[in-house]
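Keep the sequence and the 3D view at hand while reading.

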Amino acid sequence: LRPLPYRDQSRIAMIWMTDTNDKGETYDLPLSSGFFADIQREATRFEAMAAFRGWPYALSSVGGGEVERVAGARVSPTLFRVLGVQPIAGGAFTQEHAVPGAPNVMVISHDLWQRRFGGDRSIVGKQVDLSGKTFTILGVMPAGFSFPRGAELPAAFQFALRTDVWTPLVFDSNDLRNYGTQNLSAVGKLSGSAASAQAELAGIMRRFLDANAPRLKLSYRLVSLVDQAGQGVKKGLLILFGAVMCV
């Protein structure tokens, strides 16, 4: 019932691939890095789009210390722009952070900042150990921001209840040609109508299939983030409201 903690939430939409089986049933799929790279390059009906995937990390001090398991996500540098949320301390990722060989950087949640680092205002620029590698803390997100959150996304993707650490999602040349490993979710901010963006994505997929796999029945489907986040509870709320009205 509350608005999502993202700016211009009505313009934000999840982007799924779809497949249609022999029975005519259509179901959603994650994207591969190749398909995401294609739509990011070719689509013009989006102000920005970002890919992401959940990624668990083990967080500790450089050189040792207490290890804490944290829920993380590898994300395109554009994710925070799509959602209209920026760090309250430090900065966000840039494209230079998402190229092979770039220094390891991370952004942390407000909750992790308070819980693990005691709200230390000098935390930006400090280094920590993240699953055996040294990362520099680039920024701290506002209180309440924890996208991706499991409650807002399909259960099959097994996202954590909240995300506490973000690191750049890096594509190398092989990733850009990989259309088979479908392990990414994608979200975009529309620059126009959802219908025009849907039609554009369908055209991009159609051209790809005509050139490479004309027998496949793949397409794309846009789902507003508001609808996506409410799918798990909407039916129950309607039943509850109906019961209240009857009483």
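Is D111 buried, partly exposed or exposed? D111 is partly exposed, with a relative accessible area of 34%. The model is predicted, and a search of the whole structure finds 15 salt bridges. The structure also holds 15 aromatic pairs.

**Salt bridges**

- Side chains of opposite charge can pair when their charged atoms come close.
- D111 forms a salt bridge with R115, and the closest N and O atoms of the two are 2.4 Å apart.
- R115 and D111 both lie in helix α3 (residues 110-117), 4 residues apart, so about one helical turn separates them.
- An α-helix has 3.6 residues a turn, so residues three or four places apart point the same way.
- R115 is partly exposed, at a relative accessible area of 38%.
- D111 and R115 also belong to a network of salt bridges, which links them with E68, R116, R162 and D164.
- A salt bridge also joins R207 and E42, with 3.6 Å between the closest N and O atoms.
- R207 is in helix α5 (residues 194-212) and E42 is in helix α1 (residues 33-42), so this pair ties together parts that are 165 residues apart in sequence.
- E42 is partly exposed, and its relative accessible area is 30%.
- R149 and E152 meet through their side chains in a salt bridge of 2.2 Å, N to O.
- E152 is buried, with a relative accessible area of 4%.

**A buried charge without a salt bridge**

- E200 is found in helix α5.
- What is the nearest side chain of opposite charge to E200, and how far away is it? It is R45, at 4.5 Å.
- A salt bridge needs the nitrogen and the carboxyl oxygen to be within 4 Å, and E200, although buried, has no salt bridge.
- The side chain of E200 does make a polar contact of 2.6 Å with the side chain of T44.
- Leaving aside residues up to four places away in sequence, E200 touches E42, A43, T44 and R45.

**Aromatic rings**

- The structure holds 15 aromatic pairs, and one of them is formed by F35 and F208.
- The rings of F35 and F208 are edge-to-face, with 4.9 Å from centre to centre and 70° between the planes.
- This pair links distant parts of the chain, since F35 is in helix α1 and F208 is in helix α5, 173 residues apart.
- F35 is buried, with a relative accessible area of 4%.
- F208 also counts as buried, at 17% relative accessibility.
- F80 and W166 form an aromatic pair that is edge-to-face too, at 6.0 Å centre to centre with 80° between the planes.
- This second pair also links distant parts of the chain: F80 lies in helix α2 (residues 79-83) and W166 in strand β10 (residues 165-168), 86 residues apart.
- F80 counts as buried at 1% relative accessibility, and W166 is buried at 0%.
- F80 and W166 are members of a cluster linked by ring pairs, together with Y6, W16, F52, F93, F145, F147, F157 and F159.
- W55 has a charged neighbour: R74 lies over the face of its ring, 3.7 Å from the ring centre.

**Helix α1**

- How many of the 10 residues of α1 are buried? The number is 7, so α1 is largely enclosed by the rest of the structure.
- The buried residues of α1 are S33, G34, F35, F36, A37, D38 and I39.
- F35, the ring partner of F208, is one of these buried residues.

**L184 in strand β11**

- L184 belongs to strand β11 (residues 182-190).
- Is L184 buried or exposed? L184 counts as buried, at 2% relative accessibility.
- Leaving aside residues up to four places away in sequence, L184 touches P30, L31, S32, S33, A51, F52, R53, L169 and F171.
- Among these contacts of L184 is S33, which is also one of the buried residues of α1.
- F52, another contact of L184, is a member of the ring cluster.
- L184 and K217 are 33 residues apart in sequence, and their C-alpha atoms are 19 Å apart in space.

Notes
Residues numbered from 1 in each chain as written. Heavy atoms only, no water. Helix = DSSP H or I, 4+ residues; strand = E, 2+ residues; numbered from the N terminus. Buried < 20%, exposed > 50% of the residue type's maximum accessible area, 1.4 Å probe, protein only. Lys, Arg positive; Asp, Glu negative; His and termini not counted. Polar contact = N/O pair within 3.5 Å; in protein donor to acceptor, adjacent residues only side chain to side chain. Contact = heavy atoms within 4.5 Å. Phe/Tyr/Trp six-rings, centres within 6.5 Å; stacked < 30°, edge-to-face > 60°. Lys NZ or Arg CZ within 6 Å of the ring centre and 35° of its normal.
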